[in-house]
Amino acid sequence: MSLKKQTEHAIFSQNRGDCINAVAQIMEMRATGAAPLAYVTTYGCQQNVADSEKIKGQLEEMGFSFTQDPDLADLILYNTCAIRENAESKVFGKIGELKHKKSKKPSLITAMCGCMAEQDHVVERVKKSYPYLDLVFGTHIIHYLPQLLFTFLTNGKRIFENGSEDEDKQIIEDLPIKRDSGQVGAWLTIMYGCNHFCSYCIVPYVRGRERSREPEAIEQEFRQLVEAGYKEITLLGQNVNAYGKTLKNPITFSDLLRRLDRVEGDYRIRFMSPHPKDATPELFETMAQSEHIAHSLHLPLQAGNNRVLKAMRRNYTREQFLELVEQARAHMPDITFTTDLIVGFPGETYEEFLETVDMLQKVKFNSLFTFIYSPRAGTKAAVMEDHVPAQEKSRWFQELWKEQEAIVAQTSPAMVGTVQRVLVQGYNDKKTMLMGKTEGNMNCEFIGDDSLIGTFVHVKITESPNFALKGTVLNEPINDITGGY
């Protein structure tokens, strides 16, 4: 057995409960306050947020409380994202700050996990350039956090671990979850990994292949969330439309949605992200016939030109995407769409980019998640020729957003006078008005008091400035109110 395998076996074979108790005892003696404090920061997608909730749940089991001030922490952990270069740069900047914090508090435990920890070039950089980072572990082994912490605390040696080749095939249930207090919405992971090797995307390499949770486990967690009072539950997966294919008894994503929709309660279901290639009329019919599923769909387009889509390995054409939009609207005339777009993919010409701009007019997305292409080491696109200067791509980016702003200016006034069912999430940034989300996932602001937070209210829209709506709360019973989404 290799030294690496021996180390893995020694760490992973330890009893989880024993490690939890031992870490709690050690940290109680080492803590600078009444209880050890953990500072956990999450970068990237909602899946990373869900992972961090499981990490914090385990830390709480080990006696940790939490702080928003890293200078007070006994443990600092960064859960990282590798989807774009900018995300990695932010993390390395934060890791660089740990040198000073570690010199002030030598007992401080420093850790990095997530997608960056699954990349060999990142791990090598950390080993050589950041000797004060104690613990680095990958996406597939967050359930081994007690064993990893115990091992580090007892031998003092840095740990770099992403598990065995079989780790990315496992699904671990019943991990404790610590959700942020005061939230009205919750994330619920239904599957992990991705089988679509889009040429620009690092996700399949850092998250592994698709694997689905059993529907019984999902429904149990879903019921717990409804009973706990969460009003918006978002189902998560890299490609939720592929849910159920890897199960011993395969079911479809629509089957799962119908099962969850039957749970009694006052709540809303969302999901992300579906891949257009796997979207079906059955999905749209299920959404239309449901009681709780929001008529809003995040459907990542990425590009509007067929040659670029083929180079991206997206496995659909612009015509097929538009057909999906029309199918969805045929079932749900009130449906709204959001999307992801990449500007300046290697080899993309300005004329091809204009076809993406054209798709904005054809679909009329509510909002965009748009990024300038960022090469990811290990992907096919990273070695493609790219002759368009960064300055030119930035110009395209601004042109795209100018077009989107014009579209919103055209479509938003149609909302004025309608009545929207809004989930009240809290106050706006200025703390002057309450803020919530419509069924169509649009921000809506209105006057109200704290008692409305965490409830559904009906709001008559009176204004549509910029990308938000403003309105007045109606006091009539829900069944007496009519109006679109």
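**Close-up views of a predicted model**

View 1. K94 is found in helix α4, which spans residues 85-104. The structure shown is a predicted model, and its chain averages a pLDDT of 92, with 94% of the residues scoring at least 70. K94 is partly exposed, having a relative accessible area of 33%. Leaving aside residues up to four places away in sequence, K94 touches Y43 and Y78. Although K94 and Y78 are 16 residues apart in sequence, their C-alpha atoms are 8.6 Å apart in space.

**View 2. Threonine T80 in strand β3.** T80 belongs to strand β3 (residues 75-80). T80 counts as buried because its relative accessibility is 0%, the limit for buried being under 20%. The side chain of T80 reaches the backbone nitrogen of M116 at 3.1 Å. Beyond four places in sequence, the residues that T80 touches include Y43, N48, V91 and M116.

**View 3. The buried face of helix α10.** In helix α10 (residues 281-289), the residues L283, F284, T286 and M287 are buried. Seen down the axis of α10, these buried residues fall within an arc of 160°, so they line one face of the helix. Among the elements that cover them are α9 (253-261), β11 (268-272), β12 (296-298) and α12 (318-331).

View 4. R318 forms a salt bridge with E355, and the closest N and O atoms are 3.5 Å apart. R318 lies in helix α12 and E355 in helix α13 (residues 350-363), so the pair ties together parts that are 37 residues apart in sequence. R318 counts as buried at 9% relative accessibility, whereas E355, at 28%, counts as partly exposed.

View 5. D358 forms a salt bridge with K362, with 2.7 Å between the closest N and O atoms. The two residues are four residues apart in helix α13, and therefore about one helical turn separates them. D358 is partly exposed, with a relative accessible area of 30%; K362 is also partly exposed, at 44%.

View 6. The side chains of R421 and E439 meet in a salt bridge at 3.1 Å, N to O. This pair links distant parts of the chain, 18 residues apart: R421 is in strand β15 (residues 419-427), and E439 is in the loop between β16 (434-438) and β17 (443-446). E439 is buried, with a relative accessible area of 6%. R421 and E439 are linked with E232, D266, R268 and R270 in a network of salt bridges.

How values were computed. Residues numbered from 1 in each chain as written. Predicted model: local features only at pLDDT ≥ 70, side-chain atom pairs only at ≥ 80, totals over all residues. Heavy atoms only, no water. Buried < 20%, exposed > 50% of the residue type's maximum accessible area, 1.4 Å probe, protein only. Contact = heavy atoms within 4.5 Å. pLDDT = per-residue confidence, 0-100. Arc of directions from axis to C-beta. Polar contact = N/O pair within 3.5 Å; in protein donor to acceptor, adjacent residues only side chain to side chain. Salt bridge = Lys/Arg side-chain N within 4 Å of Asp/Glu carboxyl O.
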